[in-house]
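Welcome! Take a look at it first, and then we will go through it together.

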Amino acid sequence: MTRWYFKFKFPHFYDRQNSLEIDKCCKRMAEEDGFIVEAQMSFKKKAAVSRNWIVLDGSGQGVVLDLDKYDIMRRVPINARDLRILDPLLSYPSAILGREKAIVLNLEHIKAIITIDEVLLRDPLDDNVLPIVEELQRRLPLAIGRGEGEEEELPESRNSEVGTEEETEFPFEFRALEVALEGICSSLDAQTRELEVAAYPALDELTAKTSSRNLDRVRKLKSSMTRLTSRVQKVRDELEQLLDDDDDMADLYLSRKSAVSAFSSTDFGHVKWQLTADESPTISSKISRSSSRTSVVTSTQEGNNVEELEMLLEAYFVQIESTMNKLTTLREYIDDTEDYINIQLDNHRNQLIQLELFLSSGTVCLSMYSLVAAIFGMNIPYPWRESHGYLFKWVVMLTVLACGSFFLSIITYARHKGLVGSN
């Protein structure tokens with residue numbers, strides 16, 4: 001179009017010498033136009049993806065924000081590679097990744113970033129994510145930290161309560177992780193139950209009557225079961241991988257890592273106090289109390305290790321394993337139904353083969369009868385044909401008797417060999 005525009009708009013300019021340059025220019029303009037169209041389509045596709053994130057704090061209060069990846073990276077200390085896992089346009093498998101100050105969670109429709117004091121959940125207005133938001137708002141405030149009067153307690157009482165506090169208080173990141181795991185396991189289990197309710201009657205109906213409608217219905221259910229099994233298997237493999245690696249589970253202890261870094265930052269102050277310990281007995285007693293508290297925290301952390309998180313993950317691993325067993329049982333039932341249908345089809349095929357054998361045997365016998373009729377029906381003059389009309393009935397009777405005997409002999413031989421008569 002652009003070439004003809006140049007030719008008719010500027011005829012004095014369009015000649016043979018400049019035709020090649022104009023063609024190149026038109027081609028370049030067309031490529032640029034195509035690039036612009038592709039860029040606009042890509043931009044519209046990216047704009048269609050929701051950038052809404054809800055930020056939930058320890059009190060369960062949530063704020064919906066419009067954040068892009070750069071805003072999230074400024075708010076949460078994670079890199080762009082971890083953030084791509086949460087991109088709905090990219091098909092990443094289920095993952096639970098522990099980073100220095102955050103947990104990156106990608107479980108089906110649940111795409112979240114968990115820090116030590118807040119949860120960032122993507123697309124909170126989605127129908128599948130909305131129950132998770134409500135559950136987080138309900139359960140996060142149940143174990144808020146202690147009040148402001150804690151700083152006024154004596155060091156001795158704090159020292160005695162450090163161990164019990166570490167054992168009884170469930171960390172914020174684990175509460176959020178528990179809600180996410182419970183939501184995804186419950187969602188997959190509910191979908192499995194719905195599939196079972198629809199699949200078992202359809203399979204029984206197919207067993208009772210094999211028809212195109214029932215076969216198509218079972219085919220669709222089997223496709224849904226295969227997709228659901230793949231999704232359940234991905235979540236199960238991720239939990240199993242976490243349970244097999246203690247280091248990965250230790251990376252999810254954000255509160256513990258934060259406490260360890262806080263205690264390590266106070267070591268310099270301990271060194272300064274040690275230099276003046278001989279001159280001041282008060283400082284020496286403070287150092288001893290602080291050292292004892294640090295040793296209690298360290299021993300408590302070593303004692304707990306990853307048992308708390310391991311018990312949490314094992315509970316939901318058992319639940320997802322139960323869902324996987326339901327799908328495995330359903331697959332076995334489908335396989336058994338397919339075997340039964342194949343046996344029925346083989347039986348019908350054998351019956352058709354038997355019918356074909358009967359028909360073929362009858363055809364051979366009729367061919368012999370037709371051969372006799374054809375011989376006697378030839379228009380060839382021969383002397384014994386005259387004054388022998390009474391032989392017609394005997395020829396017919398003997399021919400029928402011979403064909404019937406031959407047919408019965410074939411059927412008897414087939415029954416003797418087991419080719420017919422057995423279903």
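Over residues 357-378, what percentage of the chain is helix, and how far apart are the end C-alpha atoms? Keep in mind that this is a predicted model. The stretch of residues 357-378 is 91% helix and 0% strand, and its end C-alpha atoms lie 32 Å apart.

**The chain as a whole**
- The protein chain contains 14 helices and 6 strands.
- It has 423 residues, and 29% of them count as buried.
- The accessible surface of the protein chain is about 27200 Å², with carbon and sulfur atoms contributing 57% of that.
- Among contacts in the protein chain with a separation of 6 or more, 68% are between residues 24 or more positions apart.

**What the record says**
- An unreviewed UniProt entry carries the annotation "transmembrane region" for residues 357-378 and 390-414.

**A pair of helices**
- Two packed helices are described by the angle between their axes and the distance between the axes.
- Helix α8 spans residues 212-244 and helix α13 spans residues 307-376; their axes come within 9 Å and cross at roughly 150°.
- Angles over 145 degrees count as roughly antiparallel, so α8 and α13 are roughly antiparallel to each other.
- The crossing of α8 and α13 is left-handed.

**A closer look at T399**
- T399 sits in helix α14, which covers residues 391-416.
- Because its relative accessible area is 9%, under the 20% cut-off, T399 counts as buried.
- Leaving aside residues up to four places away in sequence, T399 touches Y369 and V372.

Technical notes:
Residues numbered from 1 in each chain as written. Predicted model: local features only at pLDDT ≥ 70, side-chain atom pairs only at ≥ 80, totals over all residues. Heavy atoms only, no water. Helix = DSSP H or I, 4+ residues; strand = E, 2+ residues; numbered from the N terminus. Buried < 20%, exposed > 50% of the residue type's maximum accessible area, 1.4 Å probe, protein only. Contact = heavy atoms within 4.5 Å. Areas by Shrake-Rupley, 256 points an atom, 1.4 Å probe, with all protein chains shown as cover. UniProt positions renumbered as here; feature names shortened; annotations may be inferred. Axes fitted to C-alpha atoms, helices over the stretch in contact; angles between N-to-C directions. Parallel < 35°, antiparallel > 145°, perpendicular 65-115°, else oblique. Left-handed = near helix turned anticlockwise from the far one by under 90°.
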